[in-house]
Amino acid sequence: MVNDTARKLLCQQFVKNNTIDPGYYDRYSVKRGLRNADGTGVTAGLTNICNVHGYVVNEGEKMPIEGQLIYRGYNINDLVGNAVKENRFGFEEIVYLLLLGELPKKDELAAFRHMIAENRPLPADFFSDMILKAPSKDIMNKMSRSILALYSYDDNPENRAPEYEMATAISIISKLPYIMTLAYQVKKRTFDNQTMFLHPLDPDHSTAEMILAAIRPDRKFTDDEAKLLDLLMMLHAEHGGGNNSTFACRVLTSSGTDPYSAYSAAIGSLKGPKHGGANIKVSAMQECVKQHVSNWDDEGEVADFLTKILKKEAFDKSGLIYGMGHAVYTLSDPRAVILKANAKRMAEGTEFEKEYRLLETIERLTPELFLKIKGSDKAMCANVDMYSGFVYRMLGVPQDLFTPMFAVSRMPGWCAHRFEELVTGKRIIRPAYKAVAKERAYVPINDR
């Protein structure tokens with residue numbers, strides 16, 4: 001063990017030797033986080049897969065607009081709206097669209113759903129060797145490790161032929177939800193002292209149905225519950241090439257590495273609390289509000305506690321209202337708009353209705369309080385995380401699976417971007433870092 005003195009010295013050296021003068025970023029015109037001065041992203045590539053549209057630049061000024069999310073040219077409102085209107089599951093259709101670039105015909109979709117069901121089972125002994133014998137407290141890490149392990153079960157994992165890349169992508173998209181639910185059951189048994197339930201797969205289940213059946217002891221769920229989870233998965237399936245996890249997947253792909261490594265890295269990125277793991281922060285903040293506000297219908301009391309959060313006096317002292325604001329969306333996040341409407345419908349007449357109204361109040365008050373307390377009139381909308389955790393709770397999905405569910409849903413988008421990078425990218429992604437350390441004379445070890 002490291003003693004306290006050594007630990008303190010190590011921490012001091014860690015900070016000192018890894019700190020760069022912030023002024024250098026302005027001096028050398030470095031765009032931190034690959035962001036321009038106005039907060040827009042640095043253009044690093046082109047894509048046909050998705051358009052995340054949240055503002056327009058008019059004569060050099062960023063102007064807020066209602067958000068749009070476009071998959072392969074199709075508006076997310078149309079994709080989700082028609083699935084809801086026709087009372088059918090839509091996630092598999094989204095997967096097909098993202099991977100193949102076109103909407104499937106009825107018979108093509110049926111065949112594709114059958115293909116996904118066929119690919120769900122894991123290789124022989126995979127569960128016992130890779131999941132049961134090496135349990136993890138964190139499901140995201142276990143999913144990432146499991147994808148890397150699948151490389152060893154592939155007879156030709158370095159094959160970059162289009163048909164092989166497609167087959168690998170479909171295999172991983174199909175297996176990942178099952179891996180997630182198994183990892184969760186083992187985690188419950190090993191670390192939470194709870195009963196582990198291992199249910200057989202039903203080939204007739206959609207992906208959403210399979211997940212609900214796998215995490216519930218009695219395997220029972222309603223059609224409305226499964227379709228709400230399916231809707232959430234559709235909304236999370238893709239979000240452009242610039243988000244951190246998708247960019248990570250494209251960066252690894254550009255090096256020529258195998259698909260298992262690229263997809264595993266994307267999961268590692270999404271785990272971060274500044275990215276996909278933000279949904280845990282949102283849920284924790286909402287729980288804090290619920291505990292400290294006695295009357296959820298009293299807007300004044302809610303505003304008082306949100307004020308404490310903004311003044312860094314409550315919750316994690318960051319001064320942030322989690323679930324509000326987005327890097328691209330300004331007036332609205334279309335995913336949040338769709339999810340909010342469906343969450344309201346699901347919550348009406350249940351014990352969750354009061355909590356739904358509280359989230360609406362937080363969403364409505366936050367921009368006003370930001371202006372009052374921080375003097376910021378920047379356009380701010382609720383993002384998808386404001387309501388995603390709430391929907392998961394209504395569906396009985398445990399918090400351990402909030403971010404893993406995001407990864408399961410986003411895998412089709414990562415696969416589509418890998419395909420595009422393989423075909424179109426052609427060059428390894430390698431941005432420049434300017435060295436600012438001064439040269440030093442070497443000192444022999446006895447003279448230090």
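These questions and answers test structural labels against their definitions.

This is a predicted model, where local features need pLDDT of at least 70, side-chain atom pairs count only at pLDDT 80 or more, and totals for chains, interfaces and linings use all residues. Residues are numbered from 1 along each chain as its sequence is written, and side-chain values use heavy atoms, leaving out hydrogens and water.

Q: What makes a set of residues a nonpolar core, and which residues have the most contacts inside the largest one?
A: The members must be buried Ala, Val, Leu, Ile, Met, Phe, Trp, Tyr or Cys, joined through side-chain atoms within 4.5 Å. Buried means under 20% relative accessible area, exposed over 50%, partly exposed in between (1.4 Å probe, protein chains only). The largest such core has 117 residues, and Tyr71, Met143, Tyr263 and Met411 have the most contacts inside it. Its largest share, twelve residues, comes from helix H8 (residues 162-191). Helices here are DSSP runs of H or I with at least four residues, strands are runs of E with at least two, and both are numbered from the N terminus.

Q: Which residues is Met143 in contact with, leaving aside neighbours within four places in sequence?
A: Contact means heavy atoms within 4.5 Å. On that basis Met143 touches Leu176, Ile179, Met180, Ile267, Pro404, Ala407 and Val408.

Q: Why is H8 called oblique to H12?
A: Axes are lines fitted to C-alpha atoms, for helices over the stretch in contact, with angles from 0 to 180 degrees between N-to-C directions. Under 35 degrees is roughly parallel, over 145 roughly antiparallel, 65 to 115 roughly perpendicular, and the rest oblique. The axes of H8 and H12 (residues 259-270) cross at roughly 40° and come within 11 Å. So H8 is oblique to H12. The contact involves Glu165, Thr168, Ala169, Ile172 and Leu176 of H8, with Pro259, Tyr260, Tyr263 and Ile267 of H12.

Q: What makes H4 and H18 roughly parallel?
A: H4 (residues 91-100) and H18 (residues 402-425) pack at about 15°, with axes 8 Å apart. H4 and H18 are therefore roughly parallel. Phe91, Val95, Leu98 and Leu99 are the H4 residues of the contact.

Q: Why does Leu34 count as partly exposed?
A: Its relative accessibility is 39%, so Leu34 counts as partly exposed. Leu34 sits in the loop between helix H2 (23-27) and strand E1 (50-58). Its phi is positive, about 50°, although Leu34 is not a glycine. Most residues other than glycine have a negative phi.

Q: How do you know that Arg219 is partly exposed?
A: Arg219 has 29% relative accessibility, so it counts as partly exposed. Arg219 lies in the loop between helix H9 (207-215) and helix H10 (223-236). The phi of Arg219 is positive too, near 65°.
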